[in-house]
Amino acid sequence: MADFLVALADFDRQRLWVELGHASVFYYLHRDLKLSKGAAHYRKVAAQLIQKFPEVVGPFREGKLCISSVVELARVITPENRAEVLPRFFYLSKQEAKTVAVEICPAAVVPRREVVTKVVSEVVAEVVTEVPRAPAFHLDETPPHASPAPAEYRHFTVPLTPTLQRLHMTVSKQFIEKLEAARKGQGHAQPGASAEKVIEAALDLLLAQQAKRRAEVKQPRIHPRPSKTGHVTAAVRREVWSRDEGKCTWPLDSGGICGSTLRLEIDHVVPRARGGPSTVDNSRLTCKFHNQLAARHVYGDDWMDRFTDGSIMTVPLTSA
Ligand SMILES: [Zn+2]
């Protein structure tokens, strides 16, 4: 395992996965090496940790450091605390590593929590959204008083602080599916959005719609027209989206396609600059990474670096 991780770190450092068509080392591990997503994630984190902190290799080799605790170590280790923090993770299980990570850096490991649990009836699931706890109140301060909630809400909101409440809600399977679809759809506007953010955005839309209906505003309907500026119209966008099934179509060297559903963009097969039209046939869905990779193939690295500051080629996209 240690030898594999050292080789993987070197492979990642040279970004050799780019040449194989992948958007990150995670996809290389998952698709080409056929590792589960969890196993790929652990190995990706370990390989990146080795690049930043080469002293972890020894403990890996000696069996002091376990691959399952590496994610916790990676969360809290810094160039300043490395000497002190690393030994604290020796001989720990995943759960023990979590506890140590919390001790070292509470804020980094107490993120907002979204849990989906099954309730007694198998048909429904429960979404529990737990907001981060604010610092405890001092005794001499007035305890938090939330204004009384309307009766129908009282049974599922729990005030945590004057401004934050925890919401318990039993929802259908369809609700979870819609929530996940909406969350993915927000990839651009709200990358990594929480359930709260996505639901709030949906509520904003509903409220705006209701306000509009109340005001009986009649907007002139705008029909999509073919664009003369090379801009991809909404109609083309919709058709490409449904044809490509909302996935990145970038072909991989190992066969198949990238398939990412995150940060999707419309890519021109024949580039716009070379006269490629903004038609359905000349458009395809790609993730942001592969869209920029395609542009690099066409325009060259020097040109693209002027627009992307090169960051897309040095920062791997999230593996989630
Ligand atoms: Zn892609």
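Helix α3 packs against helix α4 (residues 37-52) at an angle of about 140°, and their axes are 9 Å apart. Here helices (H or I, at least four residues) and strands (E, at least two) are DSSP runs, numbered from the N terminus; axes are lines fitted to C-alpha atoms, for helices over the stretch in contact, and angles run from 0 to 180 degrees between N-to-C directions. The angle makes α3 oblique to α4, since angles under 35 degrees count as roughly parallel, over 145 as roughly antiparallel, 65 to 115 as roughly perpendicular and the rest as oblique. The crossing of α3 and α4 is right-handed; a crossing is right-handed if the near helix is turned clockwise from the far one by less than a right angle, and left-handed if anticlockwise. On the α3 side the contact (heavy atoms within 4.5 Å) involves V25, F26, L29 and H30, and on the α4 side K37, A40, H41, R43 and K44. These residues divide into four nonpolar, two polar and three charged, where Ala, Val, Leu, Ile, Met, Phe, Trp, Tyr, Cys and Pro count as nonpolar, Asp, Glu, Lys and Arg as charged, and the others, Gly among them, as polar.

The model is predicted: local features need pLDDT of at least 70, side-chain atom pairs count only at pLDDT 80 or more, and totals for chains, interfaces and linings use all residues. Residues are numbered from 1 along each chain as its sequence is written, and side-chain values use heavy atoms, with hydrogens and water left out.

Helix α3 (residues 25-32) also meets helix α1 (residues 2-13); their axes come within 10 Å and cross at roughly 125°. That makes α1 oblique to α3. The contact is formed by F4, L8, F11 and D12 of α1 with V25, Y28 and L29 of α3. By class, it has six nonpolar, no polar and one charged residues. The crossing of α1 and α3 is right-handed.

Helix α14 (residues 288-299) has twelve residues, which at 1.5 Å a residue should span 16 Å, and its end C-alpha atoms are 16 Å apart, which agrees. The expected span is 1.5 Å times one less than the number of residues. Among the buried residues of α14 are F289, L293 and R296. A295, in helix α14, is buried, with a relative accessible area of 16%; buried means under 20% relative accessible area, exposed over 50%, partly exposed in between (1.4 Å probe, protein chains only). G300, whose phi is positive, near 90°, follows α14.
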